[in-house]
Amino acid sequence: MRYLGEEREGDVVVITIEREDKLNAMNLEVMDEFVGVLEKLRSDSSKAVIITGSGRRAFSAGADIEYMSRIGPAEAERYALRGHEVLNRIEGLEKPVIAAVNGYALGGGCELALACDIRFASANAQLGQPEVTLGICPGWGGTQRLLRIVGPARAKDLIFSGRRIGAEEAASMGLVNRIFPQDGLLGEARAYAQAVAKNSSFAVGISKNLVNKGMDANIDTGLKMEIYSWALCFATKEREERMAAFLGKK
Ligand code: COA
């Protein structure tokens, strides 16, 4: 792969966007590579995924502005569809995906982080949806996922103004879960991912699905989905073993 690094350590896979000279902006090739990697992750034995950007400046400065400057609506639609495919695949992956936001996460970069389950940020991170400054609206799920994560008033503020916010402000609105010094960010993300990977991956995956689907379901439907998913856990050998191990310790 030209633009994505993939490194596996135990149960955890780290995907790094490697286009540092362009602040990890995501052109079509980056998105195509993402589709391939995510397809593999769907069925491999890894238990948690971290996405980060190469270098010390950016997680990703978003969709490729040079490319966007020379396309029309039909190609823009294809680019948006590719973006949505990648982000939907991340959201639909039945394992936790952690964004290690190591600098700028702007436009599509912020949207990429929003599709992840957990966002850890370095203290120097800056997040934002600056699309309107370029004459476009967010196009890779920003209007919908930001809305669901921070609520409509904050989402509109960020999208209408296009302003960049620092890690502290992002944390205060629930946009990032935790903040770390830049040098410690990836290590903390790995430690967290490894800790999560020790839990039942079936149970973690089904929980991810319930939270994601529950966001758009009414409460009765969400609670019913939970009952059936919970019951399904009782069909697994792992549940038997984990409960027996707990009782055996006593
Ligand atoms: N698409 C394509 N190239 C991008 C890019 C993007 N989204 N963001 C940055 N780059 C490129 C720059 O063109 C520059 O390339 P060059 O060295 O070949 O000229 C390189 O990355 C470094 O960026 P530069 O703008 O020179 O760095 P800076 O420190 O002055 O500013 C940012 C950093 C992040 C504030 C600025 O790059 C920026 O605003 N980027 C666009 C962010 C954005 O609007 N994203 C949403 C797109 S919808």
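# Questions on a Predicted Model

Biologist: In which helix is the place of valine 30?
Modeller: This is a predicted model, in which local features need pLDDT of at least 70, side-chain atom pairs count only at pLDDT 80 or more, and totals for chains, interfaces and linings use all residues. Residues are numbered from 1 along each chain as its sequence is written, and side-chain values use heavy atoms, with hydrogens and water left out. Helices (H or I, at least four residues) and strands (E, at least two) are DSSP runs, numbered from the N terminus. By this numbering, valine 30 has its place in helix H1.

Biologist: Is valine 30 buried or exposed?
Modeller: A residue is buried under 20% relative accessible area, exposed over 50% and partly exposed in between, with a 1.4 Å probe and protein chains only. The relative accessible area of valine 30 is 0%, so valine 30 is buried.

Biologist: Which residues does valine 30 touch, not counting residues up to four places away in sequence?
Modeller: Contact means heavy atoms within 4.5 Å. With residues up to four places away left out, valine 30 touches Tyr3, Leu4, Ile17 and Ala25.

Biologist: How many salt bridges does a search of the whole structure find?
Modeller: Side chains of opposite charge can pair when their charged atoms come close. A salt bridge is defined as a side-chain nitrogen of Lys or Arg within 4 Å of a carboxyl oxygen of Asp or Glu. For the whole structure, the number of salt bridges found is 20.

Biologist: Is arginine 42, which meets glutamate 39 in a salt bridge, buried or exposed?
Modeller: The salt bridge between arginine 42 and glutamate 39 spans 3.2 Å, N to O. The two residues are separated by about one helical turn because they are three residues apart in helix H1 (residues 28-43). Glutamate 39 is partly exposed at 33% relative accessibility. Arginine 42 has a relative accessible area of 58% and is therefore exposed.

Biologist: Is arginine 145, which forms a salt bridge with glutamate 91, buried or exposed?
Modeller: The salt bridge of arginine 145 and glutamate 91 has an N to O distance of 2.6 Å. This pair links distant parts of the chain, since arginine 145 lies in helix H5 (residues 142-150) and glutamate 91 in helix H3 (residues 73-92), 54 residues apart. Glutamate 91 counts as partly exposed, at 27% relative accessibility. Arginine 145 has a relative accessible area of 11% and is therefore buried.

Biologist: Which residues touch the most other members of the largest nonpolar core?
Modeller: A nonpolar core is a set of buried Ala, Val, Leu, Ile, Met, Phe, Trp, Tyr and Cys residues joined through side-chain atoms within 4.5 Å. The largest such core has 49 residues, and those that touch the most other members are Ile15, Phe34, Ile51, Ile90, Leu112, Leu127 and Leu175.

Biologist: Which helix gives the most to this core?
Modeller: In soluble globular proteins, nonpolar side chains tend to be buried together. Seven residues of this core come from the helix that gives the most, H1.

Biologist: How far is an oxygen atom of the ligand from an N or O atom in the side chain of arginine 57?
Modeller: The ligand is surrounded by 17 residues, with Arg57 one of the closest; a residue is near a molecule if one of its heavy atoms lies within 4 Å of it. Alanine 61 has a polar backbone atom 2.8 Å from a nitrogen atom of the ligand. For the side chain of arginine 57 and the ligand oxygen, the distance is 2.5 Å.

Key. A polar contact is a pair of N or O atoms within 3.5 Å; within protein, one must be able to donate a hydrogen and the other to accept it, and residues adjacent in sequence count only if both atoms are side-chain atoms.
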